[in-house]
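The sequence and the structure come first.

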Amino acid sequence: MAGKKLSILSSGLIAAAAALIAASLFFPWWGMEFFAPQYPEGLNIIVYPDKLEGEIDIVNGLNHYIGMKGFSEENFPEFTYLKYLIGGLALLTMITAILRRKTVLYFLIGLFSIGGLLGIWDLRRWLHDFGTDLSPTAPIKVDPFVPPIIGENTLANFITNSYLGTGSFLVLAAFILILIPLWKDR
Amino acid sequence: MKKWLPIASGLATGLLAATVFFADFSPGNPGQAVADNSKNKTNAEKVYVPFGEKDEYYLFASGGHSGQMFIYGVPSMRHIRTVPVFSPDSATGYGFDKHSKEMMGGFTWGDLHHPAFSETDGDYDGKYMFATDVGNSRAAVMNLETFTVKDIIDVPNTSGPHCAAFVTENTEYMFLPTRFAVPIGREYAPLDDYSEKYRGVMSAVTFDEKNEKLNIAYQVALPPWSYDLSDAGKKVSKDWAVMTTYNTEEATTNLEINASQADRDFIVLFNWKELEQMVKDGQYDEVTGQKMIFPEKHKGGMYLVPVAKSPHGVDVTPDGKHFIASGKLAPAMTVFSFEKAFKAIENKEFAGERNGIPIIKYESVMEKEVNPENALGPLHTQFDDQGMAYTTMFISSEIVKWDPKTGETLDRVPVQYSPGHSVAAEGDTVAPDGKYLIALNKIAKDSYLSVGPSHPESMQLIDLRGDKMEVIQSAPVNPEPHYAQMIKADKIKTITVYPKDEKDPDAVYSQEETRIERKGNEVHVYGIAMRSKFIFDAKAERPDQIEVKKGDKVFIHLTNIDFDQDITHGFAINGYDLNIEVQPGQTNTVEFTADKAGTFPIYCTNFCSALHQEMTGYFLVKP
């Protein structure tokens, strides 16, 4: 069984998954949008695997009122290595497509699952950290809070909306693509 | 019976006389407003701009002796902003910070008369606005990305550039002729020597867009007359400009009588390309550091056109073929032809000369005289998209619409009262919009809630779209609108925050870089303002304190690091007569000598956030 090679179609799907993972590097993975009466146009935090975009300075300026730490790329060590991890994953996926070995595929799926769960755990850890580690001397006191990874949250006069970005969807699609051979070549 | 007749008729006559003399026929009476309710409603709908929507036009109205420019939205006629130009304004810190204080040059006021937009191909390009100061003989330029003044220059040899500013088709020049003749360099000379020693100098001012600097290219020593209004040519007449002049009598006292004697005064017609060439060819004298053309010595490029006495406005038609002058004291508009003038110049159809400038024969250049019945005091003319002319009648308080081609009067509408200028939507460009005209009224008694003996002035919006002109809105205005310009709103592209300027040595964009440096008795503060604090030196025990010694020269460079639109901070030192503003992303400098010892709180003057009240610090001056 172990010696049986994956079909060409499966190999192609896995190769496509590798391409999607690589492509995801260039898209935002996660974001948060803030709305308030005086910001009807919305403020954004957009997270890429290696950088932050959006109105970070303005969000930081506002967050200091509730004593939240400032967001900056230096605060997140993940930015320095995340792109290599994702690139590595894309490379491993590509190797899987070339080797066409089921055991390797199992290994890849396992790695993928663990990586994904770790990523979610890490994001949640940050959200918890920022929302609960508020400065005791902040001018405005708010109860500690943890924004959801996906969905709406209300804080003071701000309604925040967290969402997955294109990058996450690409990786999700890649995951589905590498699951298909399990069923096809069963 | 015979006895009763005189009594009855006497009573009737008395009653009639009483009604005629004492009854209130004023249009503002409330009974009439009720009767016109449906019309009012229609008019209200025409001018109503719901909250969240924006006006179609910007109106830039000169603020006269306030030295400011008033910005309105049209058709709502809502006052949007007052931009200080020639006068200090504590609301925006203008005249206190280093740059604006330098531009003010020690003057505390100005008389802003005529705003003029920069033009490309004879149409407004929405980049800059020029203005002149009759009070202290200056010219200014405002950047329309930020609505702030970038440069002001003194115009030497000129006293009261009333007729300016009118820019040429591609903003090559704006011309600033003088209203009050003075000797060159404003030297002393008795008025008995008026005709020999006094001059009405006209300046050709250029604008360097890259460096945002105004400059005087050359001047012309015109005869000692009063120059009133001018306009640059367009299309066929693009190299030319016209201006009216009165007091060709060269009276030196009681001008009301003495400058109103001659039946004809003049329009000065000049070819600025030719004058430019004369300067290039060295046909000028160097006086008071200026290149000065003396028409009696340096011939060419300038002509006089006789016009009905004491003319005020002169306006070039959108097609550039005609110019229309209005005699303030002679109730008629005269249409002159540029083409006829060019031919007359070519054929030398001159009727002598004054002060070395040839006078073109009136008949050779005049096309028609237009005199609407009982219309008195024609001043200024604007145009619509059909080329129709709208002239303000100062004395008969109305706007008259007429056809410059036929001279036919098409429509008239009363205004309250005494319109000086009027402004049509892009009405002095090669392509006027039609749609709206605003009468800039000098008097508005009984129109608004009373504010004492001096009433507000008024601007009335007139709808040009129907068959008949209709006054549809009226807005009170601070003293005193002179001229205005109306531009399509989408032509103006403002910025929302100042971009970072990494090359600016005074700017600091992060808290860590803030510092206070001492060089001898100079103290340089490189600070930031952000919601809701000042940081002058992040490493200090109290980052929001500045301490100096009495007599120190203090330079405070303040950068607003809130790159967020509309988050403007102010910086005032309580009791030190200082207040500057830093708009989002902007770096601004205030420079002063700490000549008072003591304790002076610093605070943010421009409301910035919930903790604005806490945005303070201390300025300590050790004795």
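Contact here means heavy atoms within 4.5 Å. The model is predicted, with local features needing pLDDT of at least 70 and side-chain atom pairs pLDDT 80 or more, while totals for chains, interfaces and linings use all residues. Residues are numbered from 1 along each chain as its sequence is written, chains are lettered from A and ligands numbered from 1 in the order in which they are written, and side-chain values use heavy atoms, without hydrogens and water.

Leu214(B) belongs to strand β12 (residues 213–222) of chain B; strands (E, at least two residues) and helices (H or I, at least four) are DSSP runs numbered from the N terminus. With a relative accessibility of 6%, Leu214(B) counts as buried; buried means under 20% relative accessible area, exposed over 50% and partly exposed in between (1.4 Å probe, protein chains only). Beyond its neighbours within four places in sequence, Leu214(B) touches Phe130(B), Ala139(B), Ala140(B), Val141(B), Asp151(B), Ile153(B), Met174(B), Val205(B), Thr206(B) and Phe207(B).

His113(B) sits in the loop between α4 (98–104) and β4 (116–120) of chain B and is buried, at 5% relative accessibility. Its contacts outside four places in sequence include Ser62(B), Thr132(B), His162(B) and Tyr483(B). The side chains of His113(B) and His162(B) make a polar contact of 3.4 Å. A polar contact is a pair of N or O atoms within 3.5 Å; within protein, one must be able to donate a hydrogen and the other to accept it, and residues adjacent in sequence count only if both atoms are side-chain atoms.

**Helix α7 of chain B**

Helix α7 (residues 272–280) of chain B has Trp272(B), Leu275(B), Met278(B) and Val279(B) buried. Viewed down the axis of α7(B), the buried residues fall within an arc of 110°, so they line one face of the helix; the arc is taken over the directions from the helix axis to the C-beta atoms. At the N-terminal end, Asn271(B) caps α7(B), with a side-chain oxygen 3.0 Å from the backbone nitrogen of Lys273(B). After α7(B) comes Gly282(B), with a positive phi near 80°.

**The interface of chains A and B**

Seven residues from chain A and eight residues from chain B form the contact. About 650 Å² is buried between the chains, 51% of it from carbon and sulfur atoms; buried area is the accessible area (1.4 Å probe) that two parts lose on being put together, summed over both. Ile58(A), His64(A) and Tyr65(A) lose the most area on the chain A side, together 56% of what that side buries. Five residue pairs are in polar contact across the interface (both at pLDDT 80 or more), and zero salt bridges are found there.

**Salt bridges**

A salt bridge is a side-chain nitrogen of Lys or Arg within 4 Å of a carboxyl oxygen of Asp or Glu. The count over all chains is 35. The table gives three of these pairs.

| Pair | Closest N to O distance |
|---|---|
| Asp133(A) and Lys69(A) | 3.5 Å |
| Lys46(B) and Glu470(B) | 3.2 Å |

Lys46(B) is partly exposed at 27% relative accessibility, as is Glu470(B) at 23%. Lys46(B) and Glu470(B) also belong to a network of salt bridges with Lys39(B), Asp463(B) and Arg465(B).
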